[in-house]
Protein chains: 2
Amino acid sequence: MARIAIDAMGGDLAPREIVLGAIAALEHDAEVVLVGDPAPIRAVLSDVGVDAPVVPATELIAMGEDPAAAIREKKDASVSVAARLVAAGEADGMVSAGSTGAALAAAVFGIGRIPGVSRPGIATILPIERPTVVLDAGANLAVKPEHLAQFAVMGAVMASIYLGYEDPAVGLLNIGSEAGKGRDLEKEAFALLEAAPIRFVGNVEGNDLGTPVADVLVTDGFTGNVLLKTVEATARGVGRMALEALTGDGDPSTSAAVETVMPRIAELQARLDPEAYGGAHLLGARGTVVICHGSSTRVAVANAVTLAAEGAARGMVATIEEQLARG
Amino acid sequence: MARIAIDAMGGDLAPREIVLGAIAALEHDAEVVLVGDPAPIRAVLSDVGVDAPVVPATELIAMGEDPAAAIREKKDASVSVAARLVAAGEADGMVSAGSTGAALAAAVFGIGRIPGVSRPGIATILPIERPTVVLDAGANLAVKPEHLAQFAVMGAVMASIYLGYEDPAVGLLNIGSEAGKGRDLEKEAFALLEAAPIRFVGNVEGNDLGTPVADVLVTDGFTGNVLLKTVEATARGVGRMALEALTGDGDPSTSAAVETVMPRIAELQARLDPEAYGGAHLLGARGTVVICHGSSTRVAVANAVTLAAEGAARGMVATIEEQLARG
């Protein structure tokens, strides 16, 4: 059973929701270690009458701080202590809902990178019709062609381990499907992707999302971040419009029908909920690292811990290392 | 009544669907001039028993051609002849479903740019909960900060003319809402946008889409293109998932209810249909230019002609010119 170190101090709702999320994850094949200020963490544990190991950390990194500087100066920050537990083999992975930049810096400095990876990337699974891995979702606003090639190899491993896609189709996010489209970045990355040990399907567009055209989308962190948030906003907006279309006029002749179908709409909403996966992988660190939205509730945290535990149990990092060595 | 020149030869379904779209637009306060090879155009007109003026053009520009070179070499291309009609005041605007690059080049070389505009941008109205103007949607893959400031002024005029938003909120698409976020492009554009004659609301994110946070989103053409196609794909995907959730199991106890609510879902789908607006404005040309998807059917073309006629009738280009002169 994988053992996950949790940065209990990171996130808008820390430590309470983080600790409650960790406890909930205990039911899903994960062991947890809570990292942070012991007193408030133990207070939550005692509230719910559950025990879990706590590793003290005296500092925490706030959302506005410069991540690299903060990681350098605050040696005892909860996110750094969690990373060191992973590096020392005392945990199989870590989860943080704190500053993404701090988690990235803690992973790079505290755990290190997989050989062959210049820049770790944030990989998210989009819970759409045919779930798709998208990276980078925001770790690197500007990338080089070789970074996209590394993302491609890592994303393919993630799609096969988490989504069960055999030999997943990897696409380069672009503004047209023909070869030669895009900025210099895409034009130069194309050749590298063709040579990478993946099934590269060429340029793909935003409107291929959720179709079998591509199982993995690689792009720079700016575009990936916009894409993910756009999917979220659109899914939520269309959901609200559908609800309004169904219930808006309160026509009694249809309200019984609306009531009958509503549970199915609710089920769909749950499936599209961005908290369903809970977090995103920081791929490229030499250890399992899952980061969550700052606003994560216990539901998201529990799912993120489960995600990390699965990745660790299935040896995702080792598989990525093997695949990159082939390239 | 505005008179719109239509490139009858551009688009996958040209000239038939283009001509039929133009005819359909006659019912919506538009006059049309069909530009292209007279024989096939007149054949469609005679099929449906409608007459409309035809201006001959002996050449056409295919989708794969280099736009700037093609515009230079093919002086009598249908898209260029349409642009010259606008420049000469013989038409109040133009519509093309052919190569976007060719329409852009025809507009810049044939009609010219509004003073103060370095690069025209493609502005699209997203038919989401609260419709939003997004630009650039793909004319310029890489832009400079001053281009974003020009897009902002033009987009605000478009939002106020088409969507009736008074003093529309203009946002800079970014990966976080705090000032100082983003690439160098966004950081440098921020100050220019603050100084522009618009109501600048700062950085906005993909998940603000369709909310009152921003009525106009400015970004580079690569990101804008990805965003638009992502919205389309997500809306379509969620729609399909909703249909499947409702009808998938064929449970007879709910099928009557599903049948009752289905017309409302269909109405919503029609509202979200990307063909509903039919086309996008090429803002920055010194004339009304609307471009359509290459795959446009008569429905999209008719809506695009109506869009162009409305823009021309409401003096959008002149208003943009005035606003830019203020900045």
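Where is the place of A:Pro15 in chain A? I looked there to begin with, and A:Pro15 sits in the loop between strand 1 and helix 1 (16–25) of chain A. The model is predicted, and I read each entry below as computed from it.

**Entry: cis peptides in chain A**

A:Ala14 and A:Pro15 are joined by a cis peptide bond, with omega about -5°. I then noted another cis bond, between A:Leu135 and A:Asp136, where omega is about 10°. I placed A:Asp136 in the loop between strand 6 (132–135) and helix 6 (145–163) of chain A. I flagged these bonds because most peptide bonds are trans.

**Entry: positive phi at Asp29**

I looked up phi for A:Asp29 and found a positive value near 55°, in a residue other than glycine. I located A:Asp29 in the loop between helix 1 and strand 2 (30–36) of chain A. Is A:Asp29 buried or exposed? Its relative accessibility is 57%, so A:Asp29 counts as exposed.

I went to chain B for B:Asp29. It is not a glycine, yet its phi is positive, about 60°. B:Asp29 lies in the loop between helix 1 (16–25) and strand 2 of chain B. At 56% relative accessibility, B:Asp29 counts as exposed. I kept both entries because most residues other than glycine have a negative phi.

**Entry: the sheet of chain A**

I traced the strand order in chain A. An open sheet of eleven strands runs 3-2-1-4-11-10-5-6-9-7-8, and its pairing is mixed. Which strands are the edge strands? They are strand 3 (54–56) and strand 8 (199–204) of chain A, each of which pairs on one side only. I read an average twist of 25° from one strand to the next.

Strand 1 (residues 2–7) and strand 4 (residues 93–96) of chain A pair in the parallel sense over four bridges.

**Entry: strand 10 of chain A**

I looked at both faces of strand 10 (residues 280–283) of chain A and found them covered. A:Ala280 and A:Leu282 are buried on one side, and A:His281 and A:Leu283 are buried on the other.

Next I followed the neighbours of strand 10. Strand 5 (residues 121–126) of chain A runs antiparallel to strand 10 of chain A, and three bridges join them. Here the bridge partner of A:Ile122 is A:Leu282. Strand 11 (residues 288–291) of chain A also pairs with strand 10 of chain A in the antiparallel sense, over two bridges. In strand 11 of chain A, A:Val290 stands opposite A:His281.

What do strand 10 and strand 11 of chain A form? They form a hairpin with four residues between them. I noted A:Gly284 in the turn, with a positive phi of about 120°.

**Entry: strand 2 of chain B**

I checked burial along strand 2 (residues 30–36) of chain B. Six of its seven residues are buried, so the strand is largely enclosed by the rest of the structure. Strand 1 (residues 2–7) of chain B pairs with strand 2 of chain B in the parallel sense over six bridges. Among the bridge partners, I wrote down B:Ala2 with B:Ala30 in strand 2 of chain B.

**Entry: B:Asp184**

I found B:Asp184 in helix 7 (residues 184–195) of chain B. Its relative accessibility is 54%, so B:Asp184 counts as exposed. I looked up its separation from B:Pro145, which is 39 residues apart along the chain, and the C-alpha atoms are separated by 8.9 Å.

**Entry: cysteines**

How many disulfides does the structure hold over all chains? The count is zero. A:Cys292 has 6% relative accessibility and counts as buried. B:Cys292 has 6% relative accessibility and counts as buried.

**Entry: cavities**

I counted seven cavities of 30 Å³ or more. The largest cavity holds about 90 Å³ of space. I listed its lining at 13 residues, and those closest to its centre are A:Ile128, A:Leu209, B:Ala233, B:Thr234 and B:Gly237. By residue class, the lining of the largest cavity divides into five nonpolar, five polar and three charged.

How values were computed: Residues numbered from 1 in each chain as written. Chains lettered and ligands numbered in written order. Predicted model: local features only at pLDDT ≥ 70, side-chain atom pairs only at ≥ 80, totals over all residues. Heavy atoms only, no water. 1 Å grid on protein atoms, 1.4 Å probe; cavity = no way out; pocket = protein on both sides within 12 Å on 5 of 7 lines; lining within 4 Å. Points joined across faces, edges and corners; volume = space filled by probe spheres on them. Nonpolar A, V, L, I, M, F, W, Y, C, P; charged D, E, K, R; others polar. Disulfide = S-S within 2.5 Å. Buried < 20%, exposed > 50% of the residue type's maximum accessible area, 1.4 Å probe, protein only. Pairing = 2+ DSSP bridges. Axes fitted to C-alpha atoms, helices over the stretch in contact; angles between N-to-C directions.
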